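Please open the structure in your viewer and keep the selection tool at hand. The stops below are meant to be taken in order.

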Amino acid sequence: MNEDLKKTLLNPIFKGNPITVLVLGICSSLAVTVQLKGAFVMALSVIIVTGLSSFVVSLLRNSIPNRVRIIVQLVVVAMMVILVSSKVTISTTISFYRYIDNILWIFIWE
Amino acid sequence: MNTNSNVYTIVYTTLIVVVAAAILSIAAMALKPKQQANIKAETISQMLTAAGFSSKEDLAKLGNDKVLAMYSQNIKTAFLIDAEGNKTGELETEVSGIELQDNLKLENKNIQNGNPSLPVYVFEKDGQDINVIPCYGAGLWGPIWGYLAFNADCTEILGAYFDHDSETPGLGAKIKDEPSFREQFKGKKLNFDNPDNPFDIVKGGAPADNLSAIDAITGATMTCNGLDAAIDTWAKAYMPFLQKKAAAAAGDDCCEDGCCEDHDHDHDHAHHHHDHEHNHQEG
């Protein structure tokens, strides 16, 4: 159990790092290297989106037909991304969410 | 239920898609008023930054209500002008009268068609008028727009602010993110002698003695060309109005700040003779 836990936690950082090893999402990652604030907001958004969408998909998994698994997962993730991004903004203060707005729309557009 | 049957597959995917769309629509509708408020406050902060009342960053920290309050405090009058620069109607100085980006897009089309109805916002700072006019145009990837702030007699640019929809971050987006680009506008003027090209954004650097040109942004040539074209189009449309203001200031020896219709005294009854004298210039 300890080995599994260590693997789950450390793999995405070292052996299976999506950015440096799998070379995925380079454009978005580089775009946030300008400011730490941007990197933080991006990290937070990715955590929220992947966490929530994994949760929803795991709830649905027994009912999804085999042929459309990927499509349904795509729909769920896309919905989460739009909800978290600016066009359907959640907060009402200019400061925090305009900032997220500016950052996130760079990546979604990308 | 067989989850792999055809009927089930079709019904399921339809249901998933409809539910996802419904969730997004409901969220969008529920949040629309707040989004509108944000957009309005954003537009106001852009105008206030151009006019030099504060910086965008400081305004962003204030929150919507304070930004709206700052606008109401400092706005003096707002009106529409037509193609000849004549006042055609008053805009509300209430926040509801502010033209948002969609209106700017419409006005851009009207300018092309030749029958514009353009807004002018007049702020007051330290007793001096600041005239703010918008501009709108096409950048490289999407629309770009902004506000230019002129002094009371519309001969000098006091400040500017630009925004964009989807320009490249780090390049075209610098028209918004880079304060030093905007700083160049201070003290510049529009070249009325050249109505088709009153302002230049020069790639490679503008000559220092050219008061109607600024340096472009390295690596953002297309965006800067788009901004140049936007400023030229809108400056040309506003030119009759700006020239009237400048002429009023030059030929006016009774008002100290230059333009009588914006004199900060109560001009209803006390200075009616000023209105009478300058009637012909208001058209």
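What follows is a short tour of selections, with what is found at each.

This is a predicted model, in which local features need pLDDT of at least 70 and side-chain atom pairs count only at pLDDT 80 or more, while totals for chains, interfaces and linings use all residues. Residues are numbered from 1 along each chain as its sequence is written, chains are lettered from A and ligands numbered from 1 in the order in which they are written, and side-chain values use heavy atoms, with hydrogens and water left out.

**Stop 1: aromatic pairs**

Rings of Phe, Tyr and Trp (its six-membered ring) pair if their centres lie within 6.5 Å; planes under 30 degrees apart count as stacked, over 60 as edge-to-face and the rest as tilted. By this rule there are six aromatic pairs over all chains. Select Tyr8(B) and Tyr12(B): the ring centres are 5.6 Å apart and the planes at 25 degrees, so the pair is stacked. Tyr8(B) and Tyr12(B) sit four residues apart in helix H1 (residues 6-51) of chain B, a separation of about one helical turn. Helices (H or I, at least four residues) and strands (E, at least two) are DSSP runs, numbered from the N terminus. Both Tyr8(B) and Tyr12(B) are buried. Buried means under 20% relative accessible area, exposed over 50%, and partly exposed in between (1.4 Å probe, protein chains only).

Next, select Phe185(B) and Phe199(B), whose ring centres are 5.2 Å apart with planes at 10 degrees, so this pair is stacked. Phe185(B) and Phe199(B) are 14 residues apart, in the loop between helix H6 (179-183) and strand E7 (200-202) of chain B. Phe185(B) and Phe199(B) are buried.

**Stop 2: strands E5 and E6 of chain B**

Select strand E6 (residues 157-164) of chain B. Seven of its eight residues are buried, so the strand is largely enclosed by the rest of the structure. Ala149(B) has Gly159(B) in E6(B) as its bridge partner. Six residues lie between the strands of this hairpin, where Cys154(B) takes a positive phi near 60 degrees.

**Stop 3: salt bridges**

A salt bridge is a side-chain nitrogen of Lys or Arg within 4 Å of a carboxyl oxygen of Asp or Glu. How many are found over all chains? The search finds three.

- Lys176(B) and Asp163(B) form one at 3.2 Å, N to O. Lys176(B) is in helix H5 (residues 174-177) of chain B and Asp163(B) in strand E6 of chain B, so the pair ties together parts that are 13 residues apart in sequence. Both Lys176(B) and Asp163(B) are buried.
- Lys186(B) and Glu183(B) form one at 3.3 Å, N to O. Lys186(B) is partly exposed at 49% relative accessibility, and Glu183(B) is partly exposed at 44%.
- Lys236(B) and Asp196(B) form one at 2.7 Å, N to O. This pair links distant parts of the chain, 40 residues apart: Lys236(B) is in helix H7 (residues 221-250) of chain B and Asp196(B) in the loop between H6 and E7 of chain B. Lys236(B) is partly exposed, at 42% relative accessible area, whereas Asp196(B) is exposed, at 53%.

Key
Two strands pair if DSSP finds at least two bridges between them.
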